[in-house]
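Subject: Model for your review

Hello,

My notes on what turned up in it follow below the structure.

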Amino acid sequence: MIKIASRMDRLGTESAFEILAKAQALAATGKSIVNLCIGQPDFPPPAHVIEAGQRAIAEGHHGYSAAPGILPLREAISADLHRRFDVAIDPSNITVTPGSKVALFFALQMLGEIGSEIIYPNPAYPGYESIIAFSGATPVAYPLSEATGFSFDADDVLSRITPKTRAIILNSPANPTSGILDRGELDRLVKGLEQHPNIAVVSDEIYSRIIYDGHAHFSLLSYESLRDRLILLDGWSKSFSMTGWRLGYAVWPKALVEHAVKLAINCHSCVNNATQFAGIAALEGPQDTVQAMVTAWSERRNIIVKGLRELPGVRCTMPAGAFYAFPNISGTGFSSANLQSRLLNEEGVALLSGTSFGSLGEGYIRLSYATSTEQIEEALHRINRFLVDNMETRRAAAVA
Ligand code: PLP
């Protein structure tokens with residue numbers, strides 16, 4: 001019998017991929033499926049980006065490239081950060097990775113080890129808890145609650161710091177809640193962290209361009225005082241609809257860059273060469289396609305939230321960014337996991353239980369509205385039919 005390393009037991013998974021596979025299997029049997037489970041834009045990448053990738057292949061960019069990413073791409077990222085947030089970031093502090101998830105993995109492997117702790121949000125992107133645990137560190141959750149629009153309480157986060165704390169993870173706009181972190185709370189957190197100069201901050205800003213209602217994204221890069229311990233994560237997957245191109249990046253404090261490069265050399269060598277040229281075109285070219293996507297999602301957000309609010313037993317906060325609705329379904333009487341599986345099996349609606357994002361996701365489900373208005377309306381119709389039928393049956397059973 002092959003012996004598998006015990007650390008593998010600490011690694012979790014992402015339910016989105018599992019539910020997607022189940023939904024696809026059901027669709028293959030002829031069942032009509034409405035898919036709102038995967039966090040993936042439903043638009044193609046901008047045409048000039050695709051052309052830049054094709055041109056790079058035609059021009060012969062087939063070989064290995066620099067492990068941290070080609071310099072013109074890291075310069076383009078630096079210029080983009082300057083344009084967006086008025087910050088000066090040296091390209092030598094940036095590494096490009098096959099998706100921002102890889103940079104997250106590297107950051108947590110660098111910082112976490114057995115006997116240490118890393119603080120992270122709950123509910124949140126499932127990779128955080130899983131990768132923290134894989135590093136050997138103990139995951140210490142801080143709650144994001146509906147009552148504060150899924151922001152956080154700085155005092156609460158600071159109160160979880162112990163001598164073992166190595167890092168705090170922040171994510172804004174957030175998956176799955178679509179909340180954005182409150183600027184005042186961030187200021188208070190950063191002030192409180194002055195007492196803890198050895199704690200790193202990992203800021204996952206992958207949804208930074210997808211923000212609604214005139215909010216502007218506030219990057220943690222704006223805190224000069226954090227620069228020597230801030231790891232910023234961003235990428236092309238969501239903003240430029242390039243999930244399958246696998247392109248992301250991190251801005252590292254000087255002291256961590258060599259470790260990030262060493263991990264890259266040991267792991268993936270370098271990012272797909274042609275993809276990096278597409279990445280430059282995305283950052284430097286016209287941004288109207290990105291704007292058009294955000295406008296379309298904003299309209300769909302209004303439709304889905306209105307529809308969800310009309311469902312029996314459901315209430316829903318208005319997403320401030322990203323493209324997920326995260327309604328509270330506790331009034332339906334169903335647990336999140338039960339609702340997820342019954343909606344998939346009985347109504348063909350693929351969505352995710354809030355508990356896929358941590359224990360505090362109980363009472364919630366996540367629906368991605370990066371899909372067509374028709375699909376959203378069909379999903380709402382089917383969920384309503386399911387809830388009305390089942391809640392009436394239950395009420396009748398309770399009365400009897
Ligand atoms: N961080 C968050 C919050 C996400 O939602 C995702 C993807 O769903 C990622 C990171 C990973 O993105 P990628 O590796 O495609 O850049």
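**Overall fold**

A compact globule of 400 residues would have a radius of gyration near 21 Å, and the protein has 21 Å, which agrees. Please keep in mind that this is a predicted model. Along the principal axes, the C-alpha atoms fill a box of roughly 70 × 55 × 55 Å. The protein has 12 helices and 12 strands. Of its 400 residues, 57% count as buried. Taking contacts between residues at least 6 apart in sequence, 74% join residues at least 24 apart.

**Two helix pairs**

Two packed helices are described by the angle between their axes and the distance between the axes. Both values are given for each pair here.

The crossing of helix 3 past helix 9 is left-handed. On the helix 3 side, the residues that meet helix 9 are Pro72, Leu73, Ala76, Ile77, Asp80 and Arg83. They face Gln276, Gly279, Ile280, Leu283 and Glu284 in helix 9. By class, this contact has 6 nonpolar, 2 polar and 3 charged residues.

The other pair is helix 1 (residues 15–28) and helix 11 (residues 336–347), which pack at an angle of about 20° with their axes 10 Å apart. Helix 1 is therefore roughly parallel to helix 11. Here the crossing is right-handed. Helix 1 contributes Ile19, Lys22, Ala23 and Leu26 to the contact, and helix 11 contributes Gln340, Leu344 and Asn345. The classes in the contact of helix 1 with helix 11 are 4 nonpolar, 2 polar and 1 charged.

**Around Pro143**

Pro143 lies in strand 4 (residues 138–143). Setting aside neighbours within four places in sequence, Pro143 is in contact with Asn122, Ser151, Asp156, Arg160 and Leu360. One of these, Asp156, is 13 residues from Pro143 in sequence, and the two C-alpha atoms are 8.5 Å apart in space.

Regards

Terms used
Residues numbered from 1 in each chain as written. Predicted model: local features only at pLDDT ≥ 70, side-chain atom pairs only at ≥ 80, totals over all residues. Heavy atoms only, no water. Left-handed = near helix turned anticlockwise from the far one by under 90°. Helix = DSSP H or I, 4+ residues; strand = E, 2+ residues; numbered from the N terminus. Contact = heavy atoms within 4.5 Å. Nonpolar A, V, L, I, M, F, W, Y, C, P; charged D, E, K, R; others polar. Rg over C-alpha atoms; globule rule 2.2 N^0.38 Å. Buried < 20%, exposed > 50% of the residue type's maximum accessible area, 1.4 Å probe, protein only. Axes fitted to C-alpha atoms, helices over the stretch in contact; angles between N-to-C directions. Parallel < 35°, antiparallel > 145°, perpendicular 65-115°, else oblique.
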